[in-house]
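User: I should like to learn how to read a protein model. Please guide me through the one shown here.

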Amino acid sequence: MNMTFDISILEPKEVCINLKLLKLFHFFHLFDPKIKTICNFNVYHIALYIINCVIGCILMFGMVGYFTEADNEINIFTDVQSMFCCLVYFLCLVKIITFVNKTNNIWDLLRVTCINFLSSTQCQKNVGILHNYREKLIKTTNYITVILIVLTIQWSLYPLVLLWLQREDAKQSSRRFENVFNFRFPVTISYYNNNFAIFYIIEESIGLLLFYMHLMSEVFYISICYVMIAQYEMIQKAYKNVNSELNSKNINGNKHDINGNDCFDDLVSIMNDQQKLFTKLKLFYSTYTFITLSNVVSYSGSIIILTYASVLVFTTSEAIPMFYVIKLISAFGYMIIILLLVCYLLERINNKKESVNFEMYSCNWTTMNLRSKKMLLLSMQLNNANELTIKITPRRIINLQFFNSVMITCYNIISAMLNISSK
C-alpha cells in the first residue's frame with residue numbers, strides 16, 4: 001500500500017476534517033507510519049496495549065465483588081453505573097483493537113478527506129459543497145467534544161461533591177462512598193472509605209481512557225461520514241451538469257451536431273472519481289463495520305439500561321441525590337445523540353449513493369452521441385452493482401428506522417415498569 005500521504009504537511013483548509021481537534025489530541029500518532037517504533041511496533045500502540053491491560057485487570061478486579069460475600073447491601077443504582085461502564089469499555093476495547101490492527105486502512109482513509117480527492121473537472125467545479133460540509137462537520141465534532149467533556153467532568157466531580165456534602169452524615173460511614181463508576185471491589189467498607197482517594201484515581205483513569213478513545217473515534221467517524229456524503233453530492237452535481245455546458249454552447253453558437261454532444265471524456269473522468277470514491281467507501285465500511293455494530297449494540301444497550309435506571313429513580317421512595325439524576329440524564333442524552341447521529345449519517349450515505357443514478361437520468365442524455373450514452377449506461381450499471389450497506393441483522397440495515405426501534409423498546413420498558421409499580 002502506498003503510504004506517501006503525510007497529514008503533517010497539510011493545512012486545515014486543505015482537508016475536510018476537524019484537523020485542529022485531531023492534532024490537538026495527537027490522534028494521528030496512532031497511525032502515522034513515520035512515528036518511532038520499538039520492535040516494529042508503534043510506540044503509541046505499545047502504550048495502548050499496556051494501558052488497556054492494566055485497565056482490563058482493574059475492571060475484572062472491580063467485578064470480583066459481585067461473586068464474593070460483601071459487607072454492604074447491593075444497590076441497583078450503583079450497579080447500573082458499573083454495567084454502563086462495562087458496556088462502554090467493551091466498545092472502547094473494540095476500537096483499540098481495530099485502530100491497532102487496521103492502522104494502514106485508517107491512514108489510507110485520510111486521503112478521501114482531501115479537497116482535491118475528486119480530481120475530475122466537473123467534480124472540482126462543485127468543490128464548494130465540500131467546503132460547506134466541512135463547516136458542518138467541524139461544528140458537529142466541536143459540539144460532540146464539548147458535550148463529552150462536560151459529561152466526563154460531571155461524572156468525575158460527582159463523587160467529590162457528594163463526599164463533601166455528606167461529610168457530616170453519620171450514616172455515610174456505614175456504606176461505601178460514591179465513586180465515578182462504583183465498582184464492587186472485594187474489600188471492606190472501612191478499607192474502601194479509608195483509601196477512597198486511591199480507588200477514585202483508579203476509576204478516574206478508566207474514565208479518561210474511555211473519554212479519549214470514544215471522542216477520537218467518533219470525531220473521525222463523523223468526519224469520514226460527512227466527507228462521503230459531500231463527495232457523493234459532488235458526483236451527483238457533476239453528472240447532472242455534464243451535458244448542460246455543451247448544450248448552452250451549441251445554442252449560443254447556433255451549432256447543431258446531428259451526432260449529439262460528445263461528453264465521453266467528462267463521463268470517463270466522473271466515473272473514475274465515482275469508482276475511486278466507492279473504493280474508499282468500501283475500505284471505510286470494512287474498517288469500521290465491527291466498530292459501528294459494536295457502537296450500535298453498546299449504545300442501544302446503554303440507553304435501555306439508563307432508561308431502566310431513570311424509571312427506578314423517579315418511581316422509588318428512596319431519596320436520590322439531584323447530582324445523580326443530572327449525571328444519569330446527561331449520559332442518557334449523550335448516548336441518544338451519538339446513536340441518532342450514527343444512524344442518520346449512514347442513512348444519508350446510502351441515500352446519496354443511490355440518488356446518483358437519478359442525477360444520471362436528469363443530465364439530458366438524449367442530446368449525447370452514441371458512445372457517450374454507452375458510457376453513461378455503463379456508469380449506471382456500475383453504480384447499481386456497487387451495493388454496500390452496514391446491517392445489524394441480515395435484513396435490517398442501520399438507519400433512522402433502527403433508531404426508532406431502539407426508542408420504541410425504551411418506551412415499552414418505561415410503560416411496563418410503570419404498570420408494574422402502579423399495581
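User: Which residues does Lys95 touch, not counting residues up to four places away in sequence?

Analyst: This is a predicted model, in which local features need pLDDT of at least 70 and side-chain atom pairs count only at pLDDT 80 or more, while totals for chains, interfaces and linings use all residues. Residues are numbered from 1 along each chain as its sequence is written, and side-chain values use heavy atoms, with hydrogens and water left out. Contact means heavy atoms within 4.5 Å. By that rule, and leaving aside residues up to four places away in sequence, Lys95 touches Met213, His214, Ser217, Glu218, Ile291, Asn295 and Tyr299.

User: Where is Lys95 placed, and is Lys95 buried or exposed?

Analyst: Helices (H or I, at least four residues) and strands (E, at least two) are DSSP runs, numbered from the N terminus. Lys95 belongs to helix α3, residues 76-101. Buried means under 20% relative accessible area, exposed over 50%, and partly exposed in between (1.4 Å probe, protein chains only). Lys95 has a relative accessible area of 0%, and therefore counts as buried.

User: How do Asp108 and Tyr191 count on that scale?

Analyst: Asp108, in helix α4 (residues 103-109), is buried because its relative accessibility is 10%. Tyr191, in helix α7 (residues 189-194), is partly exposed because its relative accessibility is 45%.

User: What share of the protein chain is buried, and how many helices and strands does the chain have?

Analyst: Of its 423 residues, 51% count as buried. The secondary structure comes to 14 helices and 2 strands.

User: Which residues have the most contacts inside the largest nonpolar core?

Analyst: In soluble globular proteins, nonpolar side chains tend to be buried together. A nonpolar core is a set of buried Ala, Val, Leu, Ile, Met, Phe, Trp, Tyr and Cys residues joined through side-chain atoms within 4.5 Å. The largest one here has 123 residues, and Ile206, Tyr239 and Phe284 have the most contacts inside it. Helix α8 (residues 196-241) gives this core its largest share, 26 residues.

User: How does one describe the packing of two helices, and at what angle do α2 and α8 pack?

Analyst: Two packed helices are described by the angle between their axes and the distance between the axes. Axes are lines fitted to C-alpha atoms, for helices over the stretch in contact, and angles run from 0 to 180 degrees between N-to-C directions. Helix α2 (residues 43-63) and α8 pack at about 130°, with axes 11 Å apart. Angles under 35 degrees count as roughly parallel, over 145 as roughly antiparallel, 65 to 115 as roughly perpendicular and the rest as oblique. The angle therefore makes α2 oblique to α8. Among the residues making the contact are Ile55 and Ile58 of α2 and Ile206 of α8.

User: At what angle do α6 and α8 pack?

Analyst: Their angle is about 165°, with the axes 9 Å apart, so α6 is roughly antiparallel to α8.

User: Where is confidence lowest, and where is it highest?

Analyst: pLDDT is the predictor's confidence in each residue, from 0 to 100. Where it is low, the predicted coordinates should not be read in detail. The chain has a mean pLDDT of 76, and 78% of its residues reach 70 or more. Confidence is lowest in helix α9 (residues 244-252), at a mean of 52, and highest in helix α6 (residues 127-165), at 87. Over residues 251-259 the pLDDT is below 50.
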